[in-house]
Amino acid sequence: MPLLHSLTLLPTPSSSSSSSSSLVSSPHPNPHHFIKFRTSYRENLRHLKTLRIIPPDTKPNKLPLPDAAEHLLSTVNFLKSKGFSDSDFQRLAFLSPNLFSSNFDPTDVIPIFDFLANELSASPEQSCGLILRCPDLLFSDVEFCLRPTLHFLRQVGVEKLSTPTNLNAHLLNTRVEKLRAKVRFLRSLGLSYDEAEKVCERLPAIFGYSVEGNLMPKYEYLVEEMERSLEELKKFPQYFGFSLEKKIAPRHLHLKERNVRIPLNRMLLWSDQRFYAKWK
């Protein structure tokens with residue numbers, strides 16, 4: 001029976017000739033190429049899912065087409081060439097999905113990497129660290145945003161901007177006019193330009209605070225409720241870095257009830273345990 005079965009699979013000479021002729025003249029692609037193409041596409045999708053660029057539970061009708069998958073992989077390979085590892089892509093895709101859109105061209109962000117390396121003097125590891133903390137850096141304009149901001153921050157004395165911290169990453173991505181607004185606020189309080197720069201140097205995080213929602217309420221509380229002077233603020237500008245509701249006001253009221261007045265740094269820098277143990 002196996003022999004008979006195998007014989008039925010053998011084409012007749014006429015059918016063999018006809019089949020051979022049809023294969024030569026057929027407009028369809030080589031089936032082996034098609035199989036290879038499909039296998040490559042499945043592998044690409046599997047890799048993109050592993051990187052979490054494509055969510056693993058994506059429905060089949062929502063998966064990118066072969067050309068789109070190839071484009072995504074070219075973006076991945078470009079970013080890997082700049083120092084990013086597989087474990088970085090989930091965060092990049094979550095924080096900046098535009099990086100993995102069909103409209104994104106990796107060559108558009110080469111000036112950003114050049115700026116970080118040549119003007120900021122960041123190593124590849126530092127550049128990746130900054131971008132991971134603020135992927136929007138990749139969509140900043142070097143001439144109109146990054147370069148003026150870097151120049152301003154260095155001018156006021158902010159150092160070590162290449163260190164990959166959340167503060168540095170977001171400072172670099174801040175328009176210089178927004179930074180200047182904080183200096184204008186400090187000068188409006190009565191500080192000289194040099195004094196305002198000194199505050200910014202000692203507390204770079206001030207550039208990320210809202211004037212109306214953060215800095216002004218703290219200053220008004222300082223002079224009106226705490227009856228403190230601008231001179232104290234000059235000595236301890238880190239005052240602006242503490243929460244008004246959670247630390248400044250509760251500790252001030254605690255000391256006021258006990259008729260105690262101490263310097264701002266002792267009032268705010270001490271831990272809760274040490275502070276409340278000292279002034280029970």
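Two residues are in contact here when heavy atoms of theirs lie within 4.5 Å. Keep that in mind as you look around this predicted model. The protein has 280 residues, and 39% of them are buried. Its secondary structure comes to 16 helices and 0 strands. If you take the contacts with a separation of 6 or more, 65% of them are between residues 24 or more positions apart.

**Two buried residues in loops**

- Let's start with Phe104, which sits in the loop between α5 (89-95) and α6 (110-118).
- Is Phe104 buried or exposed? Its relative accessibility is 6%, so Phe104 counts as buried, the cut-off for buried being under 20%.
- Which residues does Phe104 touch, once you leave aside its neighbours within four places in sequence? They are His71, Thr75, Asn98, Leu99, Val109 and Phe139.
- Phe104 and Leu72 are 32 residues apart in sequence, and their C-alpha atoms are 9.2 Å apart in space.
- Now hop over to Val158, in the loop between α8 (142-155) and α9 (166-172).
- Val158 has a relative accessible area of 5%, so this residue is buried too.
- Not counting residues up to four places away in sequence, Val158 touches Leu153, Cys200, Pro204 and Phe207.
- Along the chain, Val158 and Arg202 are 44 residues apart, while 8.0 Å separates their C-alpha atoms.

**A look at helix α7**

- Which residues of α7 are buried? They are Ser127, Cys128, Gly129, Leu130, Ile131 and Leu132.
- These buried residues of α7 pack against α5, α6 and α9.

**Two helices side by side**

- To describe two packed helices, you give the angle between their axes and the distance between the axes.
- Where do they meet? From α12 come Pro217, Lys218, Tyr221 and Glu225, and from α14 come Leu244, Ile248, Ala249, His252 and Leu253.
- Sort the residues of this contact by class and you get 6 nonpolar, 1 polar and 2 charged.

**Aromatic rings in pairs**

- How many aromatic pairs does the structure hold? There are 10.
- For a pair of aromatic rings, the description is the distance of the centres and the angle of the planes.
- Take Phe185 and Phe240: their ring centres are 6.3 Å apart and their planes are at 65 degrees, so this pair is edge-to-face. The cut-off for that label is over 60 degrees.
- Phe185 belongs to helix α10 (residues 176-188) and Phe240 to the loop between α13 (230-235) and α14, so the pair ties together parts that are 55 residues apart in sequence.
- Both partners are tucked away: Phe185 counts as buried at 5% relative accessibility, and Phe240 is buried with a relative accessible area of 1%.
- Trp270 and Trp279 make a pair of another kind: with ring centres 5.4 Å apart and planes at 25 degrees, they are stacked. Here the cut-off is under 30 degrees.
- Trp270 is buried, with a relative accessible area of 13%, and Trp279 is buried as well, with 11%.
- Trp270 and Trp279 also belong to one aromatic cluster, together with Phe275 and Tyr276.

**Charges over rings**

- Which residue lies over the face of Trp270? Arg274 does, at 3.7 Å from the ring centre.
- Elsewhere, Lys82 lies over the face of Phe113, at 5.4 Å from the ring centre.

**Positive phi angles**

- Ser121 is a residue other than glycine with a positive phi, near 60 degrees. You'll find Ser121 in the loop between α6 and α7 (124-133).
- Glu227, again not a glycine, has a positive phi near 55 degrees.
- Where does Glu227 lie? Look in the loop between α12 and α13.
- At 61% relative accessibility, Glu227 counts as exposed, because the cut-off for exposed is over 50%.

Methods:
Residues are numbered from 1 along each chain as its sequence is written. This is a predicted model: local features need pLDDT of at least 70, side-chain atom pairs count only at pLDDT 80 or more; totals for chains, interfaces and linings use all residues. Side-chain values use heavy atoms; hydrogens and water are left out. Helices (H or I, at least four residues) and strands (E, at least two) are DSSP runs, numbered from the N terminus. Ala, Val, Leu, Ile, Met, Phe, Trp, Tyr, Cys and Pro count as nonpolar, Asp, Glu, Lys and Arg as charged, and the others, Gly among them, as polar. Rings of Phe, Tyr and Trp (its six-membered ring) pair if their centres lie within 6.5 Å; planes under 30 degrees apart count as stacked, over 60 as edge-to-face and the rest as tilted. Buried means under 20% relative accessible area, exposed over 50%, partly exposed in between (1.4 Å probe, protein chains only). A charge sits over a ring if NZ of Lys or CZ of Arg is within 6 Å of the ring centre and within 35 degrees of the ring normal.
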